[in-house]
Amino acid sequence: MPILTALSLVLLAPRDIVVLDVTQFGASASPGEDTAAFQAAFDKARTLSGCVIRVPAGTFELRNTFLYGNTQLEGVGPASVIRTVGGQFGGMIVINSVHGEGAKTRPNEENIQIRNLMFRGEADTQGKKEHDDLVRLLGTKNVTIENCDFVGFRGDGIYIGDGNAERGVVRHNYDVTVRNCRFDGLVRKNRNGITVGDGTNVTIQNCTFREIGLTGIDIEQNKQPNHYCRQISVLDCRFTDNDGSAIVVDLPKSQQEMEQPAKDLIFKRNVIKNQKNRAILLNQNAPWMPGTLPVGAQVMDNEIDTATQSVTISGIQGVTVSGNKIRNVQRGIQVGYGKLGATRGVTIERNEFTNVGTDPKFGGAPVVIFGALDVAVRFNTVLDTPGDSPSLLLFANAKNAIDADRITVQGNSVSWQRASSKRNQLFRAVNGVVVPSKAIREIE
(Lines give C-alpha, C1' and ligand atoms only; values in the text may rest on other atoms or scores of the structure.)
Protein backbone atom coordinates (compact mmCIF):
# COMPACT_ATOMS: atom_id res chain seq x y z
CA MET A 1 0.00 0.00 0.00
CA PRO A 2 1.47 3.38 -0.92
CA ILE A 3 2.28 5.76 1.88
CA LEU A 4 0.50 9.12 1.75
CA THR A 5 2.93 11.99 1.98
CA ALA A 6 2.14 15.26 3.73
CA LEU A 7 1.76 16.90 0.33
CA SER A 8 -0.74 14.27 -0.89
CA LEU A 9 -2.77 14.66 2.29
CA VAL A 10 -3.02 18.39 1.63
CA LEU A 11 -4.11 17.75 -1.97
CA LEU A 12 -6.82 15.28 -0.84
CA ALA A 13 -8.22 17.49 1.93
CA PRO A 14 -11.39 19.46 1.11
CA ARG A 15 -10.86 23.10 0.29
CA ASP A 16 -11.93 25.45 3.07
CA ILE A 17 -15.05 27.45 2.28
CA VAL A 18 -14.84 31.14 3.05
CA VAL A 19 -17.36 32.31 5.64
CA LEU A 20 -18.39 35.96 5.65
CA ASP A 21 -20.44 37.44 8.48
CA VAL A 22 -22.59 40.40 7.45
CA THR A 23 -21.50 42.24 10.61
CA GLN A 24 -17.95 42.31 9.15
CA PHE A 25 -19.34 44.67 6.51
CA GLY A 26 -21.10 46.99 8.93
CA ALA A 27 -24.51 45.31 9.36
CA SER A 28 -25.97 45.78 12.82
CA ALA A 29 -29.04 44.48 14.63
CA SER A 30 -29.60 47.95 16.03
CA PRO A 31 -32.19 50.19 14.26
CA GLY A 32 -31.07 51.48 10.88
CA GLU A 33 -30.86 50.28 7.30
CA ASP A 34 -28.31 47.57 6.46
CA THR A 35 -28.69 47.48 2.68
CA ALA A 36 -25.17 48.72 1.93
CA ALA A 37 -23.56 46.27 4.34
CA PHE A 38 -25.44 43.25 2.96
CA GLN A 39 -24.71 44.30 -0.61
CA ALA A 40 -21.01 44.64 0.22
CA ALA A 41 -21.06 41.07 1.58
CA PHE A 42 -22.89 39.82 -1.52
CA ASP A 43 -20.43 41.60 -3.81
CA LYS A 44 -17.46 40.13 -1.96
CA ALA A 45 -18.95 36.64 -2.24
CA ARG A 46 -19.26 37.15 -5.97
CA THR A 47 -15.47 37.38 -6.27
CA LEU A 48 -15.03 34.00 -4.58
CA SER A 49 -15.61 30.58 -6.11
CA GLY A 50 -17.74 29.49 -3.17
CA CYS A 51 -18.82 31.30 -0.04
CA VAL A 52 -21.08 31.18 3.02
CA ILE A 53 -22.68 34.48 4.04
CA ARG A 54 -23.77 34.24 7.64
CA VAL A 55 -26.54 36.30 9.25
CA PRO A 56 -26.38 36.19 13.07
CA ALA A 57 -29.34 36.54 15.42
CA GLY A 58 -30.97 39.97 15.26
CA THR A 59 -33.13 42.05 12.93
CA PHE A 60 -31.53 43.59 9.84
CA GLU A 61 -33.29 46.09 7.56
CA LEU A 62 -32.94 45.86 3.76
CA ARG A 63 -34.31 46.96 0.43
CA ASN A 64 -33.35 45.79 -3.09
CA THR A 65 -30.14 43.81 -2.66
CA PHE A 66 -28.66 41.46 -5.27
CA LEU A 67 -27.39 37.96 -4.48
CA TYR A 68 -25.14 35.98 -6.83
CA GLY A 69 -24.30 32.37 -7.65
CA ASN A 70 -22.14 29.86 -5.78
CA THR A 71 -23.31 31.31 -2.48
CA GLN A 72 -24.91 30.05 0.72
CA LEU A 73 -26.93 32.62 2.64
CA GLU A 74 -27.74 31.28 6.08
CA GLY A 75 -28.89 32.33 9.52
CA VAL A 76 -29.33 30.60 12.84
CA GLY A 77 -33.12 30.15 12.48
CA PRO A 78 -36.10 32.48 13.09
CA ALA A 79 -33.91 34.66 15.30
CA SER A 80 -32.06 35.81 12.15
CA VAL A 81 -34.53 38.30 10.69
CA ILE A 82 -34.13 40.16 7.40
CA ARG A 83 -36.79 42.84 7.29
CA THR A 84 -37.81 44.99 4.35
CA VAL A 85 -38.08 48.72 4.93
CA GLY A 86 -39.63 51.67 3.15
CA GLY A 87 -41.40 49.84 0.35
CA GLN A 88 -39.82 48.82 -2.92
CA PHE A 89 -40.49 47.68 -6.47
CA GLY A 90 -39.04 44.25 -7.00
CA GLY A 91 -37.59 42.05 -4.33
CA MET A 92 -35.86 42.64 -1.05
CA ILE A 93 -33.32 40.03 -2.20
CA VAL A 94 -33.09 39.62 -5.99
CA ILE A 95 -31.17 36.95 -7.86
CA ASN A 96 -30.32 37.97 -11.43
CA SER A 97 -31.95 41.36 -11.83
CA VAL A 98 -33.33 42.46 -15.20
CA HIS A 99 -31.74 45.85 -14.64
CA GLY A 100 -28.14 46.97 -14.88
CA GLU A 101 -25.22 46.34 -17.19
CA GLY A 102 -25.37 43.18 -19.28
CA ALA A 103 -28.91 42.29 -18.16
CA LYS A 104 -29.93 41.05 -21.61
CA THR A 105 -27.00 38.66 -22.00
CA ARG A 106 -26.25 37.72 -18.40
CA PRO A 107 -26.39 33.92 -17.82
CA ASN A 108 -28.26 32.19 -15.03
CA GLU A 109 -26.99 32.45 -11.48
CA GLU A 110 -26.30 28.91 -10.30
CA ASN A 111 -25.75 26.96 -7.08
CA ILE A 112 -27.44 29.03 -4.40
CA GLN A 113 -28.68 27.93 -0.98
CA ILE A 114 -30.77 30.06 1.37
CA ARG A 115 -31.56 28.57 4.75
CA ASN A 116 -32.47 29.17 8.40
CA LEU A 117 -33.70 32.74 8.05
CA MET A 118 -36.84 34.79 8.63
CA PHE A 119 -37.84 37.22 5.88
CA ARG A 120 -40.24 39.88 7.16
CA GLY A 121 -42.41 42.19 5.08
CA GLU A 122 -44.65 45.14 5.91
CA ALA A 123 -48.13 43.86 5.04
CA ASP A 124 -49.37 44.42 8.58
CA THR A 125 -48.41 48.11 8.49
CA GLN A 126 -48.41 49.02 4.76
CA GLY A 127 -50.96 46.65 3.21
CA LYS A 128 -50.81 44.81 -0.11
CA LYS A 129 -48.53 45.95 -2.93
CA GLU A 130 -47.87 43.92 -6.04
CA HIS A 131 -44.19 43.37 -6.94
CA ASP A 132 -43.08 44.17 -3.38
CA ASP A 133 -41.69 40.66 -2.89
CA LEU A 134 -39.29 39.26 -0.33
CA VAL A 135 -37.14 36.99 -2.56
CA ARG A 136 -37.09 37.06 -6.38
CA LEU A 137 -35.50 34.49 -8.71
CA LEU A 138 -35.20 35.86 -12.26
CA GLY A 139 -33.06 33.28 -14.06
CA THR A 140 -31.46 30.68 -11.80
CA LYS A 141 -30.32 27.09 -11.73
CA ASN A 142 -29.88 24.72 -8.79
CA VAL A 143 -31.39 26.83 -6.01
CA THR A 144 -32.51 25.49 -2.63
CA ILE A 145 -34.49 27.55 -0.11
CA GLU A 146 -35.13 25.65 3.10
CA ASN A 147 -36.09 26.11 6.74
CA CYS A 148 -37.06 29.74 6.20
CA ASP A 149 -40.02 31.83 7.33
CA PHE A 150 -41.67 34.34 4.98
CA VAL A 151 -43.88 36.60 7.06
CA GLY A 152 -46.09 39.57 6.20
CA PHE A 153 -45.08 39.87 2.53
CA ARG A 154 -46.95 42.58 0.62
CA GLY A 155 -46.49 41.01 -2.82
CA ASP A 156 -45.11 37.44 -2.93
CA GLY A 157 -43.03 35.62 -0.39
CA ILE A 158 -41.01 34.09 -3.23
CA TYR A 159 -41.37 35.05 -6.90
CA ILE A 160 -39.85 32.66 -9.48
CA GLY A 161 -39.96 34.34 -12.89
CA ASP A 162 -38.17 34.72 -16.20
CA GLY A 163 -36.95 38.25 -15.90
CA ASN A 164 -38.75 40.68 -18.18
CA ALA A 165 -39.43 39.56 -21.73
CA GLU A 166 -40.78 42.96 -22.69
CA ARG A 167 -37.30 44.36 -21.98
CA GLY A 168 -35.75 41.60 -24.05
CA VAL A 169 -34.48 39.82 -20.92
CA VAL A 170 -35.45 36.16 -21.16
CA ARG A 171 -34.00 33.73 -18.66
CA HIS A 172 -35.51 30.57 -17.20
CA ASN A 173 -35.35 28.88 -13.81
CA TYR A 174 -34.24 25.27 -13.50
CA ASP A 175 -34.02 22.90 -10.55
CA VAL A 176 -35.49 25.05 -7.77
CA THR A 177 -36.47 23.49 -4.43
CA VAL A 178 -38.39 25.22 -1.65
CA ARG A 179 -38.84 22.96 1.37
CA ASN A 180 -39.66 23.11 5.06
CA CYS A 181 -40.61 26.78 4.81
CA ARG A 182 -43.46 28.74 6.41
CA PHE A 183 -45.48 31.42 4.61
CA ASP A 184 -47.61 33.55 6.92
CA GLY A 185 -49.45 36.51 5.42
CA LEU A 186 -50.39 37.73 8.90
CA VAL A 187 -53.30 39.97 7.86
CA ARG A 188 -54.44 38.57 4.48
CA LYS A 189 -53.21 41.70 2.67
CA ASN A 190 -50.80 39.95 0.33
CA ARG A 191 -50.49 38.55 -3.15
CA ASN A 192 -49.15 34.97 -3.14
CA GLY A 193 -47.00 32.84 -0.89
CA ILE A 194 -45.08 31.56 -3.94
CA THR A 195 -45.48 32.54 -7.59
CA VAL A 196 -43.98 30.32 -10.28
CA GLY A 197 -44.07 32.42 -13.43
CA ASP A 198 -41.36 30.43 -15.15
CA GLY A 199 -39.71 27.20 -14.08
CA THR A 200 -38.61 23.70 -15.00
CA ASN A 201 -38.28 21.11 -12.24
CA VAL A 202 -39.58 23.25 -9.39
CA THR A 203 -40.41 21.35 -6.18
CA ILE A 204 -42.27 22.89 -3.24
CA GLN A 205 -42.40 20.41 -0.37
CA ASN A 206 -43.44 20.31 3.26
CA CYS A 207 -44.26 24.02 3.45
CA THR A 208 -47.13 25.77 5.25
CA PHE A 209 -49.29 28.61 3.94
CA ARG A 210 -51.68 30.57 6.16
CA GLU A 211 -53.52 33.91 6.40
CA ILE A 212 -52.64 34.82 2.79
CA GLY A 213 -54.83 37.32 0.95
CA LEU A 214 -54.74 35.85 -2.56
CA THR A 215 -53.16 32.46 -3.31
CA GLY A 216 -50.87 30.08 -1.49
CA ILE A 217 -49.06 28.90 -4.63
CA ASP A 218 -49.77 30.50 -8.02
CA ILE A 219 -48.36 28.76 -11.08
CA GLU A 220 -48.89 31.30 -13.84
CA GLN A 221 -47.28 30.77 -17.20
CA ASN A 222 -48.26 34.34 -18.12
CA LYS A 223 -48.77 35.66 -21.63
CA GLN A 224 -45.28 35.56 -23.08
CA PRO A 225 -44.75 32.53 -25.39
CA ASN A 226 -41.30 31.90 -23.91
CA HIS A 227 -42.47 31.22 -20.34
CA TYR A 228 -41.83 27.69 -19.08
CA CYS A 229 -44.14 25.72 -16.81
CA ARG A 230 -42.81 22.17 -16.63
CA GLN A 231 -42.31 19.57 -13.93
CA ILE A 232 -43.81 21.60 -11.10
CA SER A 233 -44.53 19.60 -7.93
CA VAL A 234 -46.32 20.67 -4.76
CA LEU A 235 -45.93 17.90 -2.19
CA ASP A 236 -46.83 17.44 1.50
CA CYS A 237 -47.78 21.10 2.02
CA ARG A 238 -50.43 22.50 4.34
CA PHE A 239 -52.80 25.39 3.52
CA THR A 240 -55.04 26.88 6.20
CA ASP A 241 -57.20 29.99 6.65
CA ASN A 242 -56.37 31.70 3.36
CA ASP A 243 -58.72 34.17 1.66
CA GLY A 244 -58.12 33.03 -1.91
CA SER A 245 -57.23 29.62 -3.32
CA ALA A 246 -54.60 27.22 -2.05
CA ILE A 247 -53.12 26.24 -5.43
CA VAL A 248 -53.78 27.87 -8.81
CA VAL A 249 -52.53 26.94 -12.28
CA ASP A 250 -53.29 29.70 -14.80
CA LEU A 251 -52.41 29.23 -18.48
CA PRO A 252 -53.78 32.25 -20.36
CA LYS A 253 -52.54 31.23 -23.84
CA SER A 254 -53.11 28.20 -26.00
CA GLN A 255 -50.32 25.71 -25.39
CA GLN A 256 -49.68 25.48 -29.13
CA GLU A 257 -48.47 29.06 -29.01
CA MET A 258 -45.92 28.39 -26.28
CA GLU A 259 -42.24 27.72 -26.85
CA GLN A 260 -42.50 24.93 -24.27
CA PRO A 261 -46.03 23.70 -23.47
CA ALA A 262 -46.92 23.25 -19.81
CA LYS A 263 -46.62 19.66 -18.62
CA ASP A 264 -46.15 17.36 -15.65
CA LEU A 265 -47.82 19.27 -12.81
CA ILE A 266 -48.13 17.22 -9.62
CA PHE A 267 -50.10 18.16 -6.48
CA LYS A 268 -49.84 15.33 -4.00
CA ARG A 269 -50.40 14.62 -0.28
CA ASN A 270 -51.30 18.22 0.56
CA VAL A 271 -53.71 19.21 3.34
CA ILE A 272 -56.04 22.10 2.49
CA LYS A 273 -58.40 23.45 5.16
CA ASN A 274 -60.59 26.51 5.66
CA GLN A 275 -60.11 28.12 2.25
CA LYS A 276 -62.39 31.05 1.56
CA ASN A 277 -62.30 30.29 -2.15
CA ARG A 278 -61.16 27.21 -4.07
CA ALA A 279 -58.78 24.58 -2.90
CA ILE A 280 -57.24 23.87 -6.33
CA LEU A 281 -57.92 25.66 -9.64
CA LEU A 282 -56.54 24.38 -12.96
CA ASN A 283 -57.37 26.95 -15.61
CA GLN A 284 -56.50 27.53 -19.26
CA ASN A 285 -58.32 30.58 -20.55
CA ALA A 286 -57.66 30.02 -24.23
CA PRO A 287 -59.51 28.25 -27.05
CA TRP A 288 -58.57 24.63 -27.61
CA MET A 289 -56.62 24.00 -30.79
CA PRO A 290 -56.34 20.59 -32.53
CA GLY A 291 -53.10 18.85 -31.73
CA THR A 292 -52.63 20.54 -28.37
CA LEU A 293 -50.74 18.23 -26.01
CA PRO A 294 -52.29 17.32 -22.65
CA VAL A 295 -50.80 19.07 -19.63
CA GLY A 296 -50.61 15.91 -17.56
CA ALA A 297 -51.71 17.34 -14.22
CA GLN A 298 -52.13 15.01 -11.24
CA VAL A 299 -54.15 15.91 -8.13
CA MET A 300 -53.55 12.93 -5.88
CA ASP A 301 -53.95 11.85 -2.26
CA ASN A 302 -54.79 15.31 -0.92
CA GLU A 303 -57.10 16.16 1.98
CA ILE A 304 -59.52 19.02 1.31
CA ASP A 305 -61.74 20.11 4.18
CA THR A 306 -63.96 23.20 4.24
CA ALA A 307 -63.73 25.36 1.13
CA THR A 308 -66.09 27.01 -1.32
CA GLN A 309 -64.91 24.67 -4.10
CA SER A 310 -62.62 21.68 -4.03
CA VAL A 311 -61.04 21.14 -7.46
CA THR A 312 -62.02 23.22 -10.50
CA ILE A 313 -60.76 22.11 -13.93
CA SER A 314 -61.35 24.53 -16.79
CA GLY A 315 -59.93 24.33 -20.27
CA ILE A 316 -56.96 22.14 -19.35
CA GLN A 317 -56.47 18.77 -21.01
CA GLY A 318 -55.16 15.65 -19.37
CA VAL A 319 -55.99 15.83 -15.64
CA THR A 320 -56.21 13.01 -13.11
CA VAL A 321 -57.93 13.61 -9.75
CA SER A 322 -57.34 10.50 -7.69
CA GLY A 323 -57.28 9.26 -4.10
CA ASN A 324 -58.35 12.54 -2.51
CA LYS A 325 -60.49 12.92 0.61
CA ILE A 326 -62.89 15.83 0.13
CA ARG A 327 -65.13 17.01 2.96
CA ASN A 328 -67.46 19.90 3.79
CA VAL A 329 -67.20 21.69 0.46
CA GLN A 330 -69.97 23.80 -1.09
CA ARG A 331 -69.29 22.63 -4.63
CA GLY A 332 -67.72 19.37 -5.63
CA ILE A 333 -65.17 18.76 -8.36
CA GLN A 334 -66.10 21.10 -11.23
CA VAL A 335 -65.18 20.22 -14.80
CA GLY A 336 -65.37 22.72 -17.66
CA TYR A 337 -66.59 25.78 -15.82
CA GLY A 338 -67.25 28.91 -17.88
CA LYS A 339 -64.01 29.52 -19.79
CA LEU A 340 -62.99 29.56 -23.44
CA GLY A 341 -60.93 26.38 -23.49
CA ALA A 342 -62.36 22.90 -24.05
CA THR A 343 -61.78 20.71 -21.03
CA ARG A 344 -60.77 17.24 -22.23
CA GLY A 345 -59.36 14.03 -20.88
CA VAL A 346 -60.26 14.20 -17.18
CA THR A 347 -60.22 11.17 -14.88
CA ILE A 348 -61.89 11.40 -11.45
CA GLU A 349 -61.26 8.16 -9.59
CA ARG A 350 -60.98 6.60 -6.14
CA ASN A 351 -61.86 9.79 -4.29
CA GLU A 352 -63.86 9.88 -1.06
CA PHE A 353 -66.57 12.54 -0.67
CA THR A 354 -68.25 13.52 2.61
CA ASN A 355 -70.83 16.34 2.88
CA VAL A 356 -69.90 17.72 -0.53
CA GLY A 357 -72.40 19.89 -2.44
CA THR A 358 -73.97 22.19 0.15
CA ASP A 359 -74.32 25.03 -2.38
CA PRO A 360 -78.09 25.22 -3.11
CA LYS A 361 -77.46 26.16 -6.76
CA PHE A 362 -75.10 23.34 -7.65
CA GLY A 363 -75.56 21.20 -4.59
CA GLY A 364 -76.15 17.57 -3.84
CA ALA A 365 -73.41 16.20 -6.10
CA PRO A 366 -69.70 15.55 -5.64
CA VAL A 367 -69.00 16.04 -9.39
CA VAL A 368 -70.38 18.91 -11.48
CA ILE A 369 -69.88 18.92 -15.26
CA PHE A 370 -70.49 22.18 -17.12
CA GLY A 371 -69.08 21.03 -20.44
CA ALA A 372 -66.27 18.60 -21.16
CA LEU A 373 -65.22 15.71 -23.36
CA ASP A 374 -63.77 12.34 -22.40
CA VAL A 375 -64.43 12.40 -18.66
CA ALA A 376 -64.20 9.20 -16.59
CA VAL A 377 -65.83 9.09 -13.14
CA ARG A 378 -65.02 5.75 -11.58
CA PHE A 379 -64.54 3.90 -8.31
CA ASN A 380 -65.33 6.93 -6.13
CA THR A 381 -67.01 6.65 -2.73
CA VAL A 382 -69.74 9.08 -1.68
CA LEU A 383 -70.27 8.72 2.07
CA ASP A 384 -72.73 11.56 2.62
CA THR A 385 -74.38 13.99 0.23
CA PRO A 386 -76.52 16.87 1.48
CA GLY A 387 -79.91 17.82 0.10
CA ASP A 388 -83.09 15.97 -0.84
CA SER A 389 -82.00 15.06 -4.37
CA PRO A 390 -78.50 13.61 -4.23
CA SER A 391 -76.73 12.55 -7.40
CA LEU A 392 -73.28 11.44 -8.43
CA LEU A 393 -73.07 13.81 -11.41
CA LEU A 394 -74.73 17.18 -11.83
CA PHE A 395 -74.86 18.69 -15.30
CA ALA A 396 -75.13 22.48 -15.61
CA ASN A 397 -74.55 25.15 -18.22
CA ALA A 398 -71.91 27.86 -18.28
CA LYS A 399 -70.96 30.70 -20.56
CA ASN A 400 -69.00 29.49 -23.61
CA ALA A 401 -68.99 25.92 -22.35
CA ILE A 402 -69.15 23.07 -24.86
CA ASP A 403 -71.73 20.30 -24.53
CA ALA A 404 -70.68 17.41 -22.35
CA ASP A 405 -69.92 14.23 -24.27
CA ARG A 406 -68.19 10.87 -23.83
CA ILE A 407 -68.75 10.62 -20.08
CA THR A 408 -67.84 7.22 -18.57
CA VAL A 409 -69.25 6.19 -15.19
CA GLN A 410 -67.99 3.02 -13.53
CA GLY A 411 -67.96 1.30 -10.15
CA ASN A 412 -68.87 4.23 -7.90
CA SER A 413 -70.25 3.64 -4.41
CA VAL A 414 -72.93 6.03 -3.12
CA SER A 415 -74.51 6.31 0.30
CA TRP A 416 -78.10 6.35 -0.94
CA GLN A 417 -80.01 3.38 -2.33
CA ARG A 418 -79.97 3.30 -6.09
CA ALA A 419 -83.04 1.92 -7.82
CA SER A 420 -82.54 0.83 -11.41
CA SER A 421 -85.60 2.83 -12.42
CA LYS A 422 -84.31 6.04 -10.83
CA ARG A 423 -81.52 7.11 -13.12
CA ASN A 424 -81.65 10.67 -11.75
CA GLN A 425 -80.17 9.42 -8.49
CA LEU A 426 -76.91 9.19 -10.39
CA PHE A 427 -77.36 11.92 -13.01
CA ARG A 428 -79.16 15.21 -12.58
CA ALA A 429 -79.27 18.55 -14.40
CA VAL A 430 -80.04 22.17 -13.49
CA ASN A 431 -80.62 25.48 -15.30
CA GLY A 432 -82.53 23.90 -18.14
CA VAL A 433 -79.76 21.50 -19.12
CA VAL A 434 -80.94 18.12 -20.38
CA VAL A 435 -79.01 15.16 -19.03
CA PRO A 436 -77.00 14.01 -22.05
CA SER A 437 -78.04 10.37 -21.79
CA LYS A 438 -76.50 9.37 -25.11
CA ALA A 439 -73.23 10.89 -24.02
CA ILE A 440 -72.97 8.79 -20.84
CA ARG A 441 -71.59 5.30 -20.85
CA GLU A 442 -72.29 3.32 -17.71
CA ILE A 443 -70.17 0.32 -16.79
CA GLU A 444 -71.46 -1.75 -13.90
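Let's start with helix α2, whose buried residues are Thr35, Ala37, Phe38, Gln39, Ala41, Phe42 and Ala45. Buried here means under 20% relative accessible area, exposed is over 50% and partly exposed is in between (1.4 Å probe, protein chains only). This is a predicted model, where local features need pLDDT of at least 70, side-chain atom pairs count only at pLDDT 80 or more, and totals for chains, interfaces and linings use all residues. Residues are numbered from 1 along each chain as its sequence is written, and side-chain values use heavy atoms, leaving out hydrogens and water.

What covers those buried α2 residues includes the strands β1 (18-21), β2 (51-54) and β6 (80-84). Helices (H or I, at least four residues) and strands (E, at least two) are DSSP runs, numbered from the N terminus.

Now hop along to His172, in the loop between β15 (169-170) and β16 (174-179). His172 is buried, at a relative accessible area of 9%. Leaving aside neighbours within four places in sequence, its contacts (heavy atoms within 4.5 Å) include Asn108, Tyr228 and Glu259. Its side chain also makes a polar contact with the side chain of Asp198, at 2.9 Å. That term means a pair of N or O atoms within 3.5 Å; within protein, one must be able to donate a hydrogen and the other to accept it, and residues adjacent in sequence count only if both atoms are side-chain atoms.

And the cysteines? The structure holds zero disulfides (pairs of cysteine sulfur atoms within 2.5 Å). Cys148 has its closest cysteine sulfur in Cys181, and at 5.0 Å that is too far for a bond.
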